[in-house]
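Here is a short tour for anyone who likes to check contacts and packing by eye.

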Amino acid sequence: MAKKTKMWGEDHSKYIWLDGEQIPWDQGTVHVTQGHIFAHAIFEGIRAYWNDDQEKLFVFRFKEHLDRLYRSIKLMRMETPYTLEDVWNGSLELCRVHGYREDVYIFPTVYFSPDVYLNKMAGPAHIYVHTFAYGSNLRRKDGARCSVSSWTRISDNTLPARIKCWANYRNSAIAWTDATLKGFDETIMLNNRGKVCEAPGACLMMIQDGVLITPPVTADILVSVTRDTILRIGRDVLEMPVVEREIDRTELYTADEVFLCGTGAEVTPVASIDNYDIGNGSIGPVTQQFREAYNGLIRGIDERFPEWRTDVPLQSA
């Protein structure tokens, strides 16, 4: 029988890391007066992947994710005494003490202290990390049915679209909810200039005439670690031309292949957009190459780019 993939919120870990201490899950509380009600928080989604043959758990592109977390802290004018190294060590220790032998999500969150309110988005912040088992979707057999959303992606001059701020995800959530209620799996957002931006929670890649094409980081997209990984795979592993440029909506309808990528999305094939089949409506051959290459690198099956993988120390007896 195939192993059941664990979903968000299905269970929780025994411990979390909160302000420098590893504590039991039930003690990790946030007071009701805290600024979460105004989405005064930022976060990172980081994956760790289990390699059965090597019996190792690898955190994928750990440093790049934490670098982005601390850029977000700066941009949101948050103040924390805890360093990147503190979060690094605390996250690895959480994975170690839980003894995971499966794929894992690592979720650091930084939020303002209770005395920081809507009219003063600057000051001291708390930071916590929680981890949970979460399986990969790289073996999915079909592509996603997408729409182009009628909701516009936030611009960099509205909210800092390039960082992982919880407030930004209301924009994503309203677009995704609208699409799913209409029967689609995913949706693709345009920016306020009418150019293709990204999907809620995932960047977009288009294959046309053997070229990998994606919107630039100035197109109001998240500056995505997975996007950078895919571009590197395209250039260095698959040795194909890579172009970062603006994309028009109608280019998507006639593309050879389209896929979405992100920490959560990994490499998600797109079968159709606005009921236009992409290619023949199944997983394209180049997309499949990216899925296989990505899976090899995240699990250490492909040993190239060793700096992308951080070993989780084994739990002591």
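Predicted model: local features only at pLDDT ≥ 70, side-chain atom pairs only at ≥ 80, totals over all residues.

Residues are numbered from 1 along each chain as its sequence is written, and side-chain values use heavy atoms, with hydrogens and water left out.

- Buried means under 20% relative accessible area, exposed over 50%, and partly exposed in between (1.4 Å probe, protein chains only).
- Helices (H or I, at least four residues) and strands (E, at least two) are DSSP runs, numbered from the N terminus.
- β5 pairs with β4 (residues 46-51) in the antiparallel sense over 4 bridges, where pairing requires that DSSP finds at least two bridges between two strands. Alanine 48 faces valine 59 of β5 across this pairing.
- The hairpin of β4 and β5 has 4 residues between the strands, and glutamate 55 takes a positive phi near 50° there.
- β5 also pairs with β18 (residues 309-311), again antiparallel, over 3 bridges. Here phenylalanine 58 stands opposite aspartate 311 in β18.

**Two buried polar side chains**

- Aspartate 220 sits in the loop between β13 (211-214) and α4 (225-237), and is buried with a relative accessible area of 6%.
- A polar atom of the aspartate 220 side chain lies 3.0 Å from the backbone nitrogen of aspartate 156. The aspartate 220 side chain also makes a polar contact with the side chain of arginine 193 (3.4 Å).
- A polar contact is a pair of N or O atoms within 3.5 Å; within protein, one must be able to donate a hydrogen and the other to accept it, and residues adjacent in sequence count only if both atoms are side-chain atoms.
- Asparagine 171, in helix α3 (residues 168-181), is buried at 13% relative accessible area.
- The asparagine 171 side chain reaches the backbone oxygen of threonine 152 at 3.1 Å, and one of its polar atoms lies 3.1 Å from the backbone nitrogen of isoleucine 154.

**Nonpolar cores**

- The largest nonpolar core has 30 residues, and Ile42, Leu57, Val59, Leu69, Met78, Ile106 and Val110 touch the most other members. Elements giving two or more residues to this core are β4, β5, α1 (62-75), α2 (84-98), β7 (104-112) and β8 (123-133).
- Another core, of 27 residues, lies apart from it and includes Ile233, Phe259, Val267 and Val286.
- A nonpolar core is a set of buried Ala, Val, Leu, Ile, Met, Phe, Trp, Tyr and Cys residues joined through side-chain atoms within 4.5 Å.

- A search of the whole structure finds 1 cavity of 30 Å³ or more, and the largest cavity holds about 50 Å³. On a 1 Å grid over the protein atoms alone, a cavity is a set of points where a 1.4 Å probe fits but cannot get out, and lining residues have an atom within 4 Å of a point.
- Grid points are joined across faces, edges and corners, and a volume is the space filled by probe spheres set on the points.
- The lining of the largest cavity consists of Arg47, Tyr49, Phe60, His65, Val225, Thr226, Thr229, Thr263 and Tyr294.
- α4 gives the most to that lining, with 3 residues.

Key. 1 Å grid on protein atoms, 1.4 Å probe; cavity = no way out; pocket = protein on both sides within 12 Å on 5 of 7 lines; lining within 4 Å.
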